[in-house]
Amino acid sequence: MPVLQYFAAALPHAPTAAPAALPPRHSAAAAASFPERRARSAARRARPEGSGAWRAELSGAERSGAERLPSAMALASRAALRWGARLPSPGGAAAAPLCRAAWLPAWGGRRYSSRGEEKLDMSMYPVESIRNFSIIAHVDHGKSTLADRLLEITGTISKTDRNKQVLDKLQVERERGITVKAQSASLFYNHEGIKYLLNLIDTPGHVDFSYEVSRSLSACQGVILVVDANEGIQAQTVANFYLAFEAQLSIIPVINKIDLKNADPERVEKQIEKLFDIPTDECIRISAKQGTNVEKVLQKVIEKIPPPQCNTADPLKALVFDSTFDHYRGVVANIALFGGEIAKGHKIVSAHTKKRYEVHEVGILTPDEQPTHKLYAGQVGYLIAGMKEVAEAQIGDTLFLYKQPVEPLPGFKSAKPMVFAGMYPIDQTEYNTLKSALERLTLNDSSVTVHRDSSLALGAGWRLGFLGLLHMEVFNQRLEQEYNMSVILTAPTVPYKAVLSSAKLIKEYGKDQITIINPAQFPDKLSVSEYLEPTVLGTIVTPHEYIGKIITLCQDRRAVQKDMLYIDENRVMLKYLFPLNEIVVDFYDALKSLSSGYASFDYEDAGYQSADLIKMDILLNGNPVEELATIIHNDKARAAGKLLCERLKETIPRQLFEIAIQAAIGKKIIARETLKAYRKNVVAKCYGGDITRRMKLLKRQAEGKRLMRKIGNVEVPRDAFIRVLKRETDK
């Protein structure tokens, strides 16, 4: 059939004749000139294979009208699009898909996000064939490498030498070689003739990000506990094991890096048996880097980890265990379904905010977003429902169908900030830009708390709460890399509490106990019955030859020993109760230095205890500098005050008058440094004569400097603040 007749026959109201039946302006006489420009533009848009295929179908007689073909086909295509016509198949039997010219773009035309891709049918995977698990381990024991191999074995990603940290998508993760944010991926695996859906979550290993681990475990029924065959059990290995044990998850012990020269898997198996009471024959020895025995891990996952206990027939119950923010689509919520099913178009309600949403897209992560028709009970995936802020996708929230309310899932404890620091723009003209960057970044990291703050020297800013010092550094690095913002970060402090005794203050605050996150808010001792400081239970795992040095270090940090256990003949596990303020800045570095890098450290919150706390002010010529005030234990005040005064003396520029730099507790000066004034040689003009002439000139100069000191105002430059505070952080 000629092509024009083929198109014409498909249009229900179009004439069936050949080009002669077209409107007069498309007559044969005009056809030679009319379609030239349109034909050229159509040819530019045409796919090479498409235009070639059409031309191949033309017979010799039809080739003479080939110049008219693009415009005629474009007209027919537009008509087909407008009328919704369907073309008969070349055989003339069944209806073909909706008419679309080969050179026209796919439906919708826009290929951002995951639109235009073929959707997966997740009904092929019943609850019995689903396994949800996490990989947990100490830092640098090979979690991300094992995840890469599992993705390769299941065909989720192609095998290549460049597959390193595939699930670590942030630049800071790749630079530092650590996982900062938990990432999930769905794997499809055939085992003994059955297709399984394996939902993998790769978690961070550093203590600062244990909140990410606890959230991820809520969406799982089992974990793979990875231990380095060379280093053995470390502090975070113990902490992560107990997180999984308390959640009653199945635990598969995996000994990694058996290809290393100094690997000793037998010793590690004995450690696992002694500490965790897991038989040695259940341990799987692998090399994630080489891919050795990794297939056994997948088989063990299927055999040992139970399927989720839920049913598709139940009402929808979806747990939000993570969320990210996309600038074009809003909040992307990671969900685990504990009942029912969810699809595009469903009306859902948040148990936390009571807001209603319409689902725009559901899918799984492979590890890129892959849209599906539906998600069913037991599956883990993502959901986009037009949420504008991450606050709407509250971590631990339960989603259910409109008019089908369910009992909310237990959820999580909210993230508890352990470290606070002030953040200010280097230039106040960048305040709004920094505010916008902070809002966007905190949308992707909901564990950061933000309070507005201001300072006389540094201007308007914020008081930010972090889970730890590494978390603060990573956040600052992401701010610089992703938003090109440089900021001033003040010295980190921890949240203290004060039990008020003043009736006036109790009435003002509405409670008898307040939390202090800014030293400027520290109440006077006369109005307080006692101060409380946060404590943590720290776990240190170290080779036995370093025990003496480490015990001395802990005692210097006001720690109280709680337990001491030999894991084997070489390694010891120590438990200490630490004041959080003593470990937050430099304890980890000191521990690594004393143990030649072999000791590891982990801590968990242990509440508050009474402490002899004071506020230390820094004075310049008697005037307090609010930004440099700190809350410190009374025993440490003198040493800290002397150190800060010395640093200020190095950074503050000299003036024409003398500057006294003092550390004070109340009205008592505990440390002092003096910054000498610039001095003009006023006696240079005296070439002799009586000594009284020289003394008169020097006395007049001293009086002038004394007067200048009274009226002179010492301004600390912003760059001096930056240098002092940065060095305080790095000490």
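Predicted model: local features only at pLDDT ≥ 70, side-chain atom pairs only at ≥ 80, totals over all residues.
I started with a salt bridge: the side chains of Arg 329 and Glu 369 meet at 2.7 Å, N to O. Arg 329 sits in the loop between β9 (318–326) and β10 (330–337), while Glu 369 belongs to strand β15 (residues 369–371), so this pair ties together parts 40 residues apart in sequence.

Arg 329 has 14% relative accessibility and so counts as buried, the cut-off being under 20%. Glu 369 comes out partly exposed, with a relative accessible area of 24%.

**Second pair**

Glu 582 is in helix α17 (residues 580–583) and Arg 558 is in the loop between α16 (547–556) and β26 (560–566), so the pair ties together parts that are 24 residues apart in sequence. Glu 582 is buried at 8% relative accessible area. Arg 558, at 22% relative accessibility, counts as partly exposed.

**A pair inside a helix**

I also looked at Glu 152 and Arg 149, another salt bridge between side chains, 3.1 Å from N to O. Why are they about one helical turn apart? Because they are 3 residues apart in helix α7 (residues 143–153). I looked up their cover too, and both Glu 152 and Arg 149 are buried. My search of the whole structure finds 19 salt bridges.

**Helix α10**

I moved on to α10, which covers residues 235–246 and has 12 residues. From first C-alpha to last I get 17 Å, close to the 16 Å expected at 1.5 Å a residue. Which of its residues are buried? I get Ala 235, Gln 236, Thr 237, Val 238, Asn 240, Phe 241 and Ala 244. After α10 comes Gln 248, and I noted its positive phi, near 60 degrees.

**Whole chain**

Last, I ran the totals. I count 21 helices and 33 strands in the chain. Of its 731 residues, 51% count as buried. The accessible surface comes to about 35800 Å², and carbon and sulfur atoms own 51% of that. For contacts with a separation of 6 or more, I find that 69% are between residues 24 or more positions apart.

Note on methods. Residues numbered from 1 in each chain as written. Heavy atoms only, no water. Helix = DSSP H or I, 4+ residues; strand = E, 2+ residues; numbered from the N terminus. Expected span 1.5 Å × (residues − 1). Buried < 20%, exposed > 50% of the residue type's maximum accessible area, 1.4 Å probe, protein only. Contact = heavy atoms within 4.5 Å. Areas by Shrake-Rupley, 256 points an atom, 1.4 Å probe, with all protein chains shown as cover. Salt bridge = Lys/Arg side-chain N within 4 Å of Asp/Glu carboxyl O.
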